[in-house]
Amino acid sequence: MFGKIDHLQKKNILVVINYMRSTSETFIWDELEYLQRIEDVKVSVLHFGSTEDDAYDYGVDLPHNALDRWKALLRKPSIDLFRSLRYRNGLNGTLGFLMRYFQKNKFDVIYCHFGTNGKKIAQLKSLGIIPSETRLVVRFHGFEMDFTKFPEGFYDILKKHADMIFYGSLHAKKDLEKYGVLEENAHMLPVGVSEKNIQSVPQIIDKIDKAYRIISVGRLVPFKGYKVALKVMKLLKERSAEKFSYTIIGSGEQLDELLQIIVDDGLEDVVEVIDGMNHEDVISRLQNSDIYLYTGIYDANNRAETQGLANLEAMGTGLPIIAAAVGGVVDYIIDGVNGFLVPAENVEGFVEKLIHVMEEYDSEEILRLRENAVKMVQENYCQEALNEKLVHLLLGE
């Protein structure tokens, strides 16, 4: 745990995010709370929503419509405002709203979650609105490396104006290499699991009721592979003598489609979808389940899971995990050691592994698998340890 820092090294740090308390950014809050506890480091938060009651946060209150932004900006036009037109973010008025904040506030370090936010700050550095000596740190998470939306060359400005880049997996690193922004200043910094949610060493469980609770957690979007999961459940229901239930927890664009498939395939008796759940309840569900399933795919845009925090949270609770060998998942799942890997969209392969785990659930083999899963999370993905690493990097130590 970080403590007091020499006053000569005191840092004024700004964290840039999308929106305060956004459900898609819940992994950020533990990190913010950690940073705020560090003595002699002042932490502020900038986002695009409205300012909340917290003293350290400032909301730009950015109108969704570009025309509304310009109506507001032109009430007090400036030379800097028109200079920003060289960038698309200037044309749509976003930089104009950010300028007002940075003309009044200066920082030693600006730490941006998401590459798209880092690009905006880099543009303001290039315009001289943010001093060149201000260190810009940009953390990529995944969605902003979709080449159909953000093609090669999109992040070129970071090559000159970003002082440090963070990425979460080797899969993400490969994508950033295509963007050409990885230099000596790049560091792997995955999202982790809070220490309180990492179980002690698992014990052999005698499944008296023999009803196995299988679970998946994550957004209901194509690359998570839930259509594959439902095919797996249909075949498992036909082939397995074991009793089981399958729960999906998540919200997203595929909800209605998945619910219809469940009805069409007659899976209502074994499959349920819970449309969103707070994080504490998700952890509780994981702790009271028996097997974790991840059937991710490469979607139509060749996009796959960049890291997969829910997978790691499941492993941290000691669940045996059966996962598709896609994206960043292979960074932490070693087939047959701390989980099982199956080729993407291989329905037969998933069914075979599920039957094997259910039949051998109380064996030494599955116990070792679960122990190794917990060990992987403890040693490599503990959020508290990753937070300490983050602070060292932000402070340039």
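## Overall architecture

The chain contains 15 helices and 13 strands, these being DSSP runs numbered from the N terminus (H or I over at least four residues for helices, E over at least two for strands). The radius of gyration of the chain is 23 Å, close to the 21 Å that the globule rule gives for 397 residues, so the chain is as compact as a globular protein of that length. That radius is taken over C-alpha atoms, and the globule rule is 2.2 Å times the number of residues to the power 0.38. Along the principal axes, the C-alpha atoms fill a box of roughly 75 × 50 × 40 Å.

The model is a predicted one, in which local features need pLDDT of at least 70 and side-chain atom pairs count only at pLDDT 80 or more, while totals for chains, interfaces and linings use all residues. Residues are numbered from 1 along each chain as its sequence is written, and side-chain values use heavy atoms, with hydrogens and water left out.

## Burial and contacts

Of the 397 residues in the chain, 55% are buried; buried means under 20% relative accessible area, exposed over 50%, and partly exposed in between (1.4 Å probe, protein chains only). The accessible surface of the chain comes to about 18,100 Å², of which 48% belongs to carbon and sulfur atoms. Accessible areas come from the Shrake-Rupley method with a 1.4 Å probe, and for residues only the protein chains shown count as cover.

A contact means heavy atoms within 4.5 Å. Among contacts in the chain with a separation of 6 or more, 73% are between residues 24 or more positions apart.

## The nonpolar cores

A nonpolar core is a set of buried Ala, Val, Leu, Ile, Met, Phe, Trp, Tyr and Cys residues joined through side-chain atoms within 4.5 Å. The largest has 70 residues, of which Met233 and Tyr292 touch the most other members. Helix H9 (residues 226-239) supplies the largest share of this core, eight residues. Leaving aside residues up to four places away in sequence, Met233 touches Ile214, Phe244, Tyr246, Leu267, Val271, Leu293 and Leu354. A second, separate core of 43 residues includes Leu73, Leu98, Phe140 and Met145.

Ile355 belongs to helix H13 (residues 347-359) and is buried, with a relative accessible area of 18%. Ile355 touches Leu236, Arg239 and Ser240, again not counting residues up to four places away in sequence. Ile355 and Leu236 are 119 residues apart in sequence, yet their C-alpha atoms are 7.8 Å apart in space.

## Helix H12

Seven of the eight residues of helix H12 (residues 309-316) are buried, so this helix is largely enclosed by the rest of the structure. The buried residues are Ala310, Asn311, Leu312, Glu313, Ala314, Met315 and Gly316. Their cover includes strand S8 (211-217), helix H11 (279-287), strand S11 (291-294), strand S12 (321-324) and helix H14 (364-380). Just after H12, Gly318 takes a positive phi of about 90 degrees.

## Aromatic rings and charges

Rings of Phe, Tyr and Trp (its six-membered ring) pair if their centres lie within 6.5 Å; planes under 30 degrees apart count as stacked, over 60 as edge-to-face and the rest as tilted. By this rule the count comes to 13 aromatic pairs. The rings of Phe147 and Tyr179 have centres 4.5 Å apart and planes at 15 degrees, so this pair is stacked. The pair links distant parts of the chain, 32 residues apart: Phe147 is in the loop between strand S5 (135-139) and helix H7 (158-161), and Tyr179 is in helix H8 (residues 170-179). Phe147 is partly exposed at 26% relative accessibility, whereas Tyr179 is buried at 2%. Phe150 and Phe154 form a tilted pair, 5.0 Å centre to centre with 55 degrees between the planes. One aromatic cluster is formed by Phe140, Phe147, Phe150, Phe154, Tyr155 and Tyr179.

A charge sits over a ring if NZ of Lys or CZ of Arg is within 6 Å of the ring centre and within 35 degrees of the ring normal. Lys119 lies over the face of Phe154, at 3.4 Å from the ring centre, and the charged end of Arg100 sits over the ring of Phe97, 5.3 Å from its centre.

Phe114 has a positive phi near 85 degrees, although it is a residue other than glycine. Phe114 lies in the loop between strand S4 (109-113) and helix H6 (115-126) and is buried, with a relative accessible area of 5%. Asn302, also not a glycine, has a positive phi of about 60 degrees. Asn302 is found in the loop between S11 and H12 and counts as exposed at 56% relative accessibility.
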